[in-house]
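Subject: Structure handover

Hello,

Here is the structure you will be looking after. Please open it before you read the notes below.

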Amino acid sequence: MAYTALITVDNSGEEPEAGRRGLREELTPAMRALPGYQSCLFLTAYERGAGLGVVVFETLEQAAGLANSIKVGTNIHPGVTVTASEVMEVSASA
C-alpha cells in the first residue's frame with residue numbers, strides 16, 4: 001500500500017512560467033531524492049491561483065514526514081502559500 005502527501009497552494013502571486021520552471025527544475029528533483037519516493041504530480045490552475053501537489057511514498061510515515069514539514073500559511077516559494085497539507089492512502093491507481 002502507498003500513501004500520498006497532498007499539498008494545496010495559493011499560487012496567485014507567482015508568474016506562471018517561472019512557477020512551471022521551478023516545479024520541473026527544482027521541486028520535482030527534490031521530491032525524487034526523498035526516501036520512499038514513488039511518484040509525484042504537480043497540478044496548476046494559475047488562472048484561479050491554485051495548485052496541488054500529490055507526492056506518493058511507500059509508507060505512511062514517509063508521506064506524513066513531508067506533509068507535516070509543510071505547514072499551512074508557509075510561503076514555500078515567492079508568490080506561493082500553502083493552504084492545506086494532508087496525507088491520504090492510495091486505494092487504487094492505474
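Which residue of β5 does D10 stand opposite? D10 stands opposite T81.

Before the rest, a word on where the values come from. This is a predicted model, in which local features need pLDDT of at least 70 and side-chain atom pairs count only at pLDDT 80 or more, while totals for chains, interfaces and linings use all residues. Residues are numbered from 1 along each chain as its sequence is written, and side-chain values use heavy atoms, with hydrogens and water left out.

Strands

Helices (H or I, at least four residues) and strands (E, at least two) are DSSP runs, numbered from the N terminus. Two strands are said to pair if DSSP finds at least two bridges between them.

β1 pairs with β5 in the antiparallel sense, over nine bridges. Besides the D10 and T81 position, Y3 stands opposite E89 in β5. β1 also pairs with β3, again antiparallel, over eight bridges, and here L6 stands opposite V54. On β2, L41 stands opposite V54 as well; β2 and β3 pair in the antiparallel sense over eight bridges.

Is β1 largely enclosed or open? Seven of its nine residues are buried, so β1 is largely enclosed by the rest of the structure. Buried means under 20% relative accessible area, exposed means over 50%, and partly exposed lies in between (1.4 Å probe, protein chains only).

The hairpin of β2 and β3 has four residues between the strands, and G49 in it takes a positive phi near 70 degrees. The hairpin of β4 and β5 has two residues between the strands, and there G79 takes a positive phi near 85 degrees. β4 and β5 pair in the antiparallel sense over two bridges, with H77 opposite V80.

Core

A nonpolar core is a set of buried Ala, Val, Leu, Ile, Met, Phe, Trp, Tyr and Cys residues joined through side-chain atoms within 4.5 Å. The largest one has 15 residues, of which V55, F57 and L66 touch the most other members. At least two residues each come from β1 (2-10), β2 (37-45), β3 (50-57), α2 (60-69) and β5 (80-90). β1 gives the most, with four residues.

For contacts in general, the rule is heavy atoms within 4.5 Å. Leaving out residues up to four places away in sequence, F57 touches A2, Y3, A5, L34, P35, G36, Y37, Q38, Q62, A63 and L66.

N11 is in the loop between β1 and α1 (16-32). Is N11 buried or exposed? N11 counts as buried because its relative accessibility is 3%. Not counting residues up to four places away in sequence, N11 touches T44, A45, Y46, G49, A50, G51, G79 and V80. G49 and G79 in that list are the hairpin residues with positive phi.

P78 is in the loop between β4 and β5. With 63% relative accessibility, P78 counts as exposed. Apart from its neighbours within four places in sequence, P78 is in contact with G13 and E14. The C-alpha atoms of P78 and A5 are separated by 21 Å, and these residues are 73 apart along the chain.

E58 is in the loop between β3 and α2. At 44% relative accessibility, E58 counts as partly exposed. Apart from its neighbours within four places in sequence, E58 is in contact with M1, A2, Y3, G36 and Q38. The C-alpha atoms of E58 and N75, which are 17 residues apart along the chain, are separated by 27 Å.

Pocket

On a 1 Å grid over the protein atoms alone, a pocket is an open set of points where a 1.4 Å probe fits, with protein on both sides within 12 Å along at least five of seven lines; lining residues have an atom within 4 Å of a point. Grid points are joined across faces, edges and corners, and a volume is the space filled by probe spheres set on the points.

The largest pocket has a volume of about 440 Å³. Its lining has 23 residues, and the closest to its centre are L23, L27, F42, I76 and V80. α1 gives the most to the lining, with six residues. β1, α1, β2, β3 and β4 (75-77) each supply at least two.

Regards
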